[in-house]
Amino acid sequence: MCISMRQDDGLRKKFRSLFLLGKKPVIHESKVNRNANFVVLANEYEFHLHQIVVMNKKVCIVGAGPGGLACAMLLAKAGLQVTILERLPGVGGRTSSYRSDGFTFDVGPTFFLYPSVLREIFAACGFDLDREVSFMKLDPQYELIFGGGGRLAASPDFNRMEEAIRRLSPPDVQGFRRFYEDNRRKLTGFAPFLSSPFLGWSDLLRKDMLKLLPLLRPWRSVHSDMSRYFEDPRLRLAFSFQSKYLGMSPFRCPSLFSILSFLEYEYGVFHPIGGCGAVTATMAQIATKLGVDIRTNEGVEELAFAGNKCEGVYTNERFYECDALVINADFARAMHRLVPEKLRGRWSNRKLAKARYSCSTFMMYLGIRGRYDDIAHHSVYISGNYEENLLDIERRHTLSKDPSFYVQNACVTDGTLAPEGMSTVYALFPVSHQHENIDWEREKGGFRQLALQQLAKAGFKNLESRIVYEKIVTPREWDTQFELHLGSTFSLAHSLSQMLHLRPRNRFEDLESVYLVGGGTHPGSGLPVIFESSRISSRLLLQDLGMSPEFIHPKVDTLPMIAEVA
Ligand SMILES: Cc1cc2nc3c(=O)[nH]c(=O)nc-3n(C[C@H](O)[C@H](O)[C@H](O)COP(=O)(O)OP(=O)(O)OC[C@H]3O[C@@H](n4cnc5c(N)ncnc54)[C@H](O)[C@@H]3O)c2cc1C
């Protein structure tokens with residue numbers, strides 16, 4: 001065996017300790033391949049020493065949510081030794097499946113929007129998303145039921161959507177066209193910023209960013225922005241309620257987020273067969289193929305610091321040394337539990353207490369006899385007094401009498417989720433995050449009855465008599481079982497004061513060698529942007545280790561399936 005390398009004691013030592021083949025390498029000075037820093041020839045194989053050193057770098061990821069899994073895939077593909085530590089028995093976090101009595105439910109996400117980002121991540125890792133997961137584009141993508149009267153079957157087919165709008169409010173057809181054109185420009189202009197890190201004011205004050213301001217109109221809310229296009233108040237809601245995907249009121253959510261409804265109409269709403277949990281399960285399989293060590297039932301209990309540099313993590317089982325740490329766990333909870341306040345500069349306990357958090361949700365996962373064949377896959381009921389309903393949630397922290405809700409009747413398109421002759425009903429009621437005004441122990445039973453009454457408004461008549469399986473999750477369980485600060489299901493709110501560089505940063509500003517990924521960092525909550533956060537954080541981490549992150553944006557070509565990769 002023959003090894004050529006430049007005179008460099010540090011590297012040589014590192015290399016010696018690294019070179020594990022059990023055969024004593026002979027080290028020759030210099031004479032190296034000009035294109036590589038160092039070249040190692042060992043048993044006819046040629047390695048770039050740089051790669052070997054890098055392969056020995058260890059990264060720990062706290063949490064196997066979609067953000068953590070996507071990061072693991074990219075970092076392992078780059079050649080790092082990656083370990084994911086997950087406190088729950090399974091992977092996927094809020095984007096996991098939950099199975100009981102033959103029924104399969106998504107725990108959280110059911111709308112899969114804009115798969116392109118994940119498609120590119122799969123491609124960067126050598127896989128083809130569309131060959132691994134079957135996606136169905138839904139049409140109608142959802143049915144909107146207005147508490148004040150009227151319905152709208154939202155379609156990604158432009159002509160069909162125009163017709164549906166004409167039936168509700170003929171003059172608004174023109175507005176729909178303007179909405180479409182303006183938001184296409186908005187998304188095109190803003191997309192590069194969503195995929196860039198925001199590490200300080202200078203990123204915000206970039207000339208190209210400032211040029212976008214008239215288009216983004218950040219001083220307006222999504223709802224007031226929609227009043228520029230639509231006269232009918234129902235249509236204003238139809239194109240602004242999507243801010244609830246971020247857990248925010250459309251009356252307060254910055255107008256930039258009108259791109260959410262545009263994304264639905266332009267690219268569609270997808271249902272992955274088997275549910276969104278099937279996507280994270282596939283990601284975990286791929287990560288494992290790429291060499292990631294996924295350790296479930298191993299919660300991280302403490303971080304080991306030298307100064308403010310994280311050097312490892314303690315789980316309930318053992319210590320893991322690392323060169324870099326990625327935190328995918330809920331941001332505020334992770335700060336309180338894992339990072340001593342004296343090491344935190346910007347994100348002190350005081351700042352965390354003053355931060356604004358998203359709403360929470362009251363969930364019903366029901367297995368029922370038979371199926372409601374005439375009800376759409378997704379339905380959204382918007383309360384007759386939506387503004388009051390939102391004030392109850394965000395300001396008054398009380399329970400509404402006519403709460404809005406979202407309900408999924410997935411078995412009309414996906415028979416894999418329930419036993420023969422049965423189906424699943426998933427109902428989500430946005431409610432206040434944990435607050436002293438609401439004692440869920442006391443309120444749970446009453447709110448369940450109200451929820452069943454409300455569901456009848458979406459066509460689920462006699463639902464209670466058909467229930468064979470039932471599970472309820474309140475903000476209390478989101479807090480205690482899913483470890484979300486205040487049970488806020490959509491992380492930190494997306495107010496202007498908590499966005500871009502003002503959100504906890506991807507290269508975490510308070511600590512060294514620590515990166516954040518998931519809904520609590522830039523760009524924000526929701527699967528497409530969470531996947532974007534994994535690309536941003538992976539790129540920063542690789543750059544900091546002196547590695548090239550270029551592969552993260554590859555060309556998509558025909559790629560092998562997991563089964564075809566040895
Ligand atoms: C009810 C609901 C509905 C939603 N619907 C949609 C939707 O339709 N479409 C959409 O795009 N988004 C939706 N979202 C928002 C968002 O996409 C998901 O919540 C997403 O799963 C968040 O991903 P994440 O990577 O930030 O973290 P998470 O999914 O929360 O994963 C974090 C992981 O970290 C683990 N963890 C925490 N602490 C520790 C520790 N100390 N040690 C080890 N592991 C730890 C957790 O167990 C968890 O597995 C929804 C969310 C909820 C709750």
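Q: Which elements do the buried residues of α17 pack against?
A: They pack against the strands β19 (360–369), β20 (378–382), β21 (405–408) and β22 (422–431), and against helix α18 (463–466). Please note that this is a predicted model.

Q: And which residues of α17 are the buried ones?
A: The buried residues of α17 are Phe447, Ala451, Gln454 and Leu455.

Q: Where does α17 bend, then?
A: The bend of α17 is at Gly446 and amounts to about 30 degrees.

Q: Stepping back, how many helices and strands does the protein have?
A: There are 20 helices and 24 strands in the protein.

Q: What percentage of the residues count as buried?
A: The protein has 566 residues, of which 48% count as buried.

Q: And what share of the contacts between residues at least 6 apart join residues at least 24 apart?
A: That share is 70% for the protein, taking contacts between residues at least 6 apart in sequence.

Q: Which members of the largest nonpolar core touch the most other members?
A: They are Ala72, Met73 and Ala287, in a core of 148 residues. Helix α3 (residues 66–77) contributes the most to this core, giving eight residues.

Q: Moving to the ligand, how many residues surround the ligand, and which are the closest?
A: The ligand is surrounded by 35 residues, and the closest are Gly63, Gly65, Gly67, Gly93 and Gly518. Two or more residues of this shell come from each of the elements α3 and α20 (527–544).

Q: Which element gives the most to that shell?
A: Helix α3 gives the most to the shell around the ligand, with three residues.

Q: What is the make-up of the shell by class?
A: The shell around the ligand has 15 nonpolar, 16 polar and four charged residues.

Q: Now His223: buried or exposed?
A: His223 counts as buried, because 24 C-beta neighbours lie inside 10 Å. His223 sits in helix α10 (residues 222–226).

Q: Which residues is His223 in contact with, beyond four places in sequence?
A: They are Arg236, Ser240, Pro250 and Phe251. The C-alpha atoms of His223 and Ser240 are 5.5 Å apart, while the two residues are 17 residues apart in sequence.

Q: Where does Arg371 lie?
A: Arg371 is in the loop that runs between β19 and β20.

Q: What does Arg371 touch, not counting residues up to four places away?
A: Arg371 touches Cys411, Val412 and Ser423.

Q: Turning to the backbone, what is the peptide bond from Asp139 to Pro140?
A: The Asp139 to Pro140 bond is cis, with omega near 5 degrees. Pro140 belongs to the loop between β10 (135–137) and β11 (142–146). His522 and Pro523 are also joined by a cis peptide bond, with omega about 5 degrees, and Pro523 is in the loop between β24 (514–516) and α20.

Q: What is phi of Tyr114?
A: Phi of Tyr114 is near 45 degrees, a positive value in a residue other than glycine. Tyr114 is in the loop between β9 (112–113) and α4 (116–124). Tyr114 counts as buried because it has 23 C-beta neighbours inside 10 Å.

Q: And what about His397 and its phi?
A: His397 is not a glycine, yet its phi is positive, at about 55 degrees. His397 is placed in the loop between α16 (386–396) and β21. With 17 other C-beta atoms within 10 Å, His397 is partly exposed.

Definitions and conventions
Residues are numbered from 1 along each chain as its sequence is written. This is a predicted model: local features need pLDDT of at least 70, side-chain atom pairs count only at pLDDT 80 or more; totals for chains, interfaces and linings use all residues. A nonpolar core is a set of buried Ala, Val, Leu, Ile, Met, Phe, Trp, Tyr and Cys residues joined through C-beta atoms within 7 Å. A residue is buried if 20 or more other C-beta atoms lie within 10 Å of its own, exposed if 12 or fewer, and partly exposed in between; C-beta atoms are placed from the backbone. Helices (H or I, at least four residues) and strands (E, at least two) are DSSP runs, numbered from the N terminus. The bend at a residue is the angle between axes fitted to the seven residues ending there and the seven starting there. Two residues are in contact if their C-beta atoms, placed from the backbone, lie within 7 Å. A residue is near a molecule or strand if its C-beta atom, placed from the backbone, lies within 6 Å of it. Ala, Val, Leu, Ile, Met, Phe, Trp, Tyr, Cys and Pro count as nonpolar, Asp, Glu, Lys and Arg as charged, and the others, Gly among them, as polar.
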